[in-house]
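I opened this notebook to keep track of what I looked up, entry by entry.

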Amino acid sequence: MFPFALVSPPGSEAELLARARALAGHSIGAIAERHAVPVADLRRSKGWVGRLLEIALGATASSRGEPDFQLLGIELKTVPVDAKGRPKESTFVCSAPLETMGDLAWAESPAREKLARVLWVPIEADPAIPLTGRRVGMPLLWTPSPDEDQALAQDWDEFAERIRSGHIDRITAHMGQHLQMRPKAASARSVRWGVNEDGAPIRTLPRAFYLRSSFVARILSRGYVIASPATRS
DNA sequence: TTTTGATCATCC
DNA sequence: GGATGATCAAAA
């Protein structure tokens, strides 16, 4: 495909936030058209909306293990929301380092690093609205509060303990009040190295961390509104 | 093949 | 309906 109008990386947090706010109230279709991005079918291109927003906001690290806005150290997350502004899905954080996380504290975890600074962009996701007609909501720049950080640390510790004891396969999505660990793979046959209770390598399903929608709901409720570009909560 | 972007499909 | 486990596509 092709050269869409290139958006330069934002030079500051304020600039990024201003850009994101300017998108609020606009439709996905209008934004895609502005950047000449062909509209895809979400059933097949599940990450299409996220990639569109990366383009529209000038994110730099596509498919690389770095913050979306490297200079600013900010991660971009689009989140599908219902009419009330509640997330409809959990939010992917990062893949789980199965071989090392048994000895990894939350403070030094890749999950904590990813979540240190996040620009949340709600996206209207009512299935009754055609994809191109869905609007972008008011963005929110977030850093975990001490309470939130501690809560996430608790969940992390539970996972780390199961890994440490060699019980990776006893970790299910039922665990974790706010942070989940679930499969993340091309298929259920995908394989990744983990460790058993003796520290010996075992083959297991690749996992990743996700934030429960209830957790993200509380974040968004700090400032979310469906609004025209001029409106703020 | 892995990482990043996520949502889908099915079971409770 | 909501959550869990499974899956899809692009980029590197």
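Entry one. For what follows I count a residue as near a strand if one of its heavy atoms lies within 4 Å of it. The model I am reading is predicted. With that cut-off I looked up the residues around DNA strand B, of which there are 22, and noted that Gly-65, Asp-68, Thr-78, Lys-184 and Tyr-210 come nearest. Sorted by class, this surface has 13 charged, six polar and three nonpolar residues.

Entry two. I asked myself which element gives the most to the surface near DNA strand B. I found that β1 does, with four residues, and that α3 (48–57) and β1 (75–81) each supply at least two.

I then looked up individual polar contacts: a polar side-chain atom of Glu-75 lies 3.1 Å from a phosphate oxygen of DNA strand B. A side-chain N or O atom of Arg-182 is 3.4 Å from a base oxygen, while a polar backbone atom of Gly-47 is 3.4 Å from a base nitrogen.

I moved on to Ala-111, which I located in helix α4 (residues 110–114). Is Ala-111 buried or exposed? Ala-111 counts as buried because its relative accessibility is 0%, where buried means under 20%. Beyond its neighbours within four places in sequence, I found Ala-111 in contact with Val-93, Cys-94, Trp-106, Trp-156 and Phe-209. Trp-156 is 45 residues away from Ala-111 along the chain, and their C-alpha atoms are separated by 9.0 Å.

Conventions. Residues are numbered from 1 along each chain as its sequence is written. Chains are lettered from A and ligands numbered from 1 in the order in which they are written. This is a predicted model: local features need pLDDT of at least 70, side-chain atom pairs count only at pLDDT 80 or more; totals for chains, interfaces and linings use all residues. Side-chain values use heavy atoms; hydrogens and water are left out. Buried means under 20% relative accessible area, exposed over 50%, partly exposed in between (1.4 Å probe, protein chains only). Contact means heavy atoms within 4.5 Å. A polar contact is a pair of N or O atoms within 3.5 Å; within protein, one must be able to donate a hydrogen and the other to accept it, and residues adjacent in sequence count only if both atoms are side-chain atoms. Ala, Val, Leu, Ile, Met, Phe, Trp, Tyr, Cys and Pro count as nonpolar, Asp, Glu, Lys and Arg as charged, and the others, Gly among them, as polar.
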